[in-house]
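Student: Could you walk me through how to read salt bridges and helix faces in a model like this one?
Tutor: Gladly; let's look at it together.

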Amino acid sequence: MTITISVLDQSPIYPGESASEALAHTVQLAQKSEQLGFRRFWVSEHHDSELLAGSSPEVLISYLLARTEKIRIGSGGVMLQHYSPYKVAENFNVLAALAPGRVDLGIGRAPGGLPRSTQALQRGVSDPASLTDKIAELDQYVHHSLPADHPLIGLKASPSPEAPPALYVLGASVGSAEIAADLGLPYVFSLFINGDEAVALEAIRSYRNRFNGAHGTQPQAIIALAVAVADTEEEAASLVGSQKLVKIHLASGKTLTLGTREQAEEFGRQAKEHYTIEEHEPFITKGTKATVREKFEALHKASGVEEFIVTSNIAPFDKRLRSFELLSEALSGTVAEV
């Protein structure tokens with residue numbers, strides 16, 4: 001069995017710390033991830049948040065590429081619903097030209113913030129294209145493959161890097177898996193957001209069964225999950241603390257996952273529609289090295305997935321670093337060489 005480990009960091013701002021300190025932690029964690037031999041390091045996009053510092057992944061990625069040497073750096077993900085696919089392609093083509101073969105472009109489907117930040121990001125935008133159409137167009141720009149009937153045929157997203165950024169679709173539902181499959185793109189299921197392992201396994205199965213290989217690509221499924229590793233079971237449980245998985249269900253039919261109940265309530269107020277909130281125990285793989293290794297092996301066996309993107313919201317930061325060190329040790333002998 002071979003397991004590949006990658007990292008997603010959301011640049012959490014711990015109590016009493018500044019955004020600058022949070023971003024400095026992200027840089028340190030990227031360097032530690034490279035030292036430990038992990039495959040890729042992704043950063044997220046969140047807006048109008050006092051809890052997370054990463055609002056501009058493309059800017060942060062450029063800095064991380066300059067502060068590391070070989071690990072792949074990418075977005076987990078860019079919230080494409082707010083942006084022009086052409087501009088996103090240009091941004092990531094520049095990054096890919098600066099660091100050939102090291103840039104990933106993960107596309108998220110959530111708004112990445114509260115309704116007012118969505119309104120600000122989309123102010124003056126009237127493009128009616130669906131997110132699926134935007135992902136398809138982004139892929140075409142990245143690979144210079146606009147179809148002959150495209151109204152902008154001949155347009156290219158410059159520069160043209162020797163190795164274009166690798167595109168991934170992120171999601172937490174069977175529906176998102178089907179979008180990735182229909183587009184023939186790699187897929188990442190966010191188990192730390194959905195929290196239901198059965199849905200994750202169903203999504204991965206649907207993705208593989210439905211995958212469109214017309215462009216010569218093969219299905220590539222990844223699972224993203226939260227992990228906390230410590231020297232004892234008790235310490236691992238204390239590191240997780242009272243974290244909750246908070247979901248808001250809007251009357252319009254949308255369901256979103258927020259960081260706290262307070263955020264969910266504020267989202268409902270800004271959305272100006274009826275809502276309900278539910279809280280669950282989060283899906284966190286936690287425990288000692290032996291316990292965590294056993295859980296990874298079980299999920300690998302159940303899903304057939306060989307790469308896992310790990311995220312962690314552990315405070316203080318030194319415990320977070322130590323958790324990743326212990327994870328590397330736990331999977332020693334199973335982790336793929338980069």
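Tutor: Let's begin with a pair of charged side chains: Lys 289 and Glu 329 form a salt bridge, with their closest N and O atoms 3.0 Å apart. Keep in mind that this is a predicted model.

Student: Which residues are linked with Lys 289 and Glu 329 in a network of salt bridges?
Tutor: The network links Lys 32, Lys 289, Arg 322, Glu 325 and Glu 329.

Student: How many salt bridges does a search of the whole structure find?
Tutor: The search finds 17. One of them joins Glu 307 and Arg 39, at 3.8 Å from N to O. This pair links distant parts of the chain, 268 residues apart: Glu 307 is in strand E12 (residues 307-311), while Arg 39 sits in the loop between helix H1 (19-35) and strand E2 (40-43). Glu 307 counts as buried because its relative accessibility is 5%, whereas Arg 39, at 28%, counts as partly exposed.

Student: What does Arg 72 form a salt bridge with?
Tutor: Its partner is Asp 104, and the closest N and O atoms are 2.8 Å apart. Arg 72 lies in strand E3 (residues 72-79) and Asp 104 in strand E4 (residues 103-108), so here the pair ties together parts that are 32 residues apart in sequence. With a relative accessibility of 0%, Asp 104 counts as buried.

Student: What about a charged residue that is buried yet has no salt bridge?
Tutor: Look at Glu 90, in helix H3 (residues 85-98). Glu 90 is buried without a salt bridge, and the nearest side chain of opposite charge, that of Lys 87, is 4.0 Å away. Leaving aside residues up to four places away in sequence, Glu 90 touches Ala 157 and Ser 158.

Student: Now for helix faces. Which residues of H11 are buried?
Tutor: In H11 the buried ones are Thr 291, Val 292, Phe 296, Leu 299, His 300 and Ser 303. Seen down the axis, the buried residues of H11 fall within an arc of 165 degrees, so they line one face of the helix. On the other side of H11, Ala 290, Glu 294 and Lys 301 are exposed.

Student: What span does H11 reach, and what follows it?
Tutor: H11 has 15 residues and reaches 21 Å from its first C-alpha to its last, close to the 21 Å expected at 1.5 Å a residue. Gly 304 follows H11, with a positive phi near 75 degrees.

Student: How does helix H9 read in the same way?
Tutor: In H9 (residues 233-240), Ala 236, Leu 239 and Val 240 are buried. The buried residues of H9 fall within an arc of 100 degrees seen down the axis, so they line one face. Turned away from the buried side are the exposed residues Glu 234 and Ser 238.

Student: What covers the buried residues of H9?
Tutor: The cover includes strand E7 (221-229), strand E11 (284-287) and helix H12 (317-330). H9 is followed by Gly 241, whose phi is positive, near 65 degrees.

Notes: Residues are numbered from 1 along each chain as its sequence is written. This is a predicted model: local features need pLDDT of at least 70, side-chain atom pairs count only at pLDDT 80 or more; totals for chains, interfaces and linings use all residues. Side-chain values use heavy atoms; hydrogens and water are left out. Helices (H or I, at least four residues) and strands (E, at least two) are DSSP runs, numbered from the N terminus. Buried means under 20% relative accessible area, exposed over 50%, partly exposed in between (1.4 Å probe, protein chains only). Lys and Arg count as positive and Asp and Glu as negative; His and the chain ends are not counted. Contact means heavy atoms within 4.5 Å. The arc is that of the directions from the helix axis to the C-beta atoms. The expected span of a helix is 1.5 Å times one less than its number of residues.
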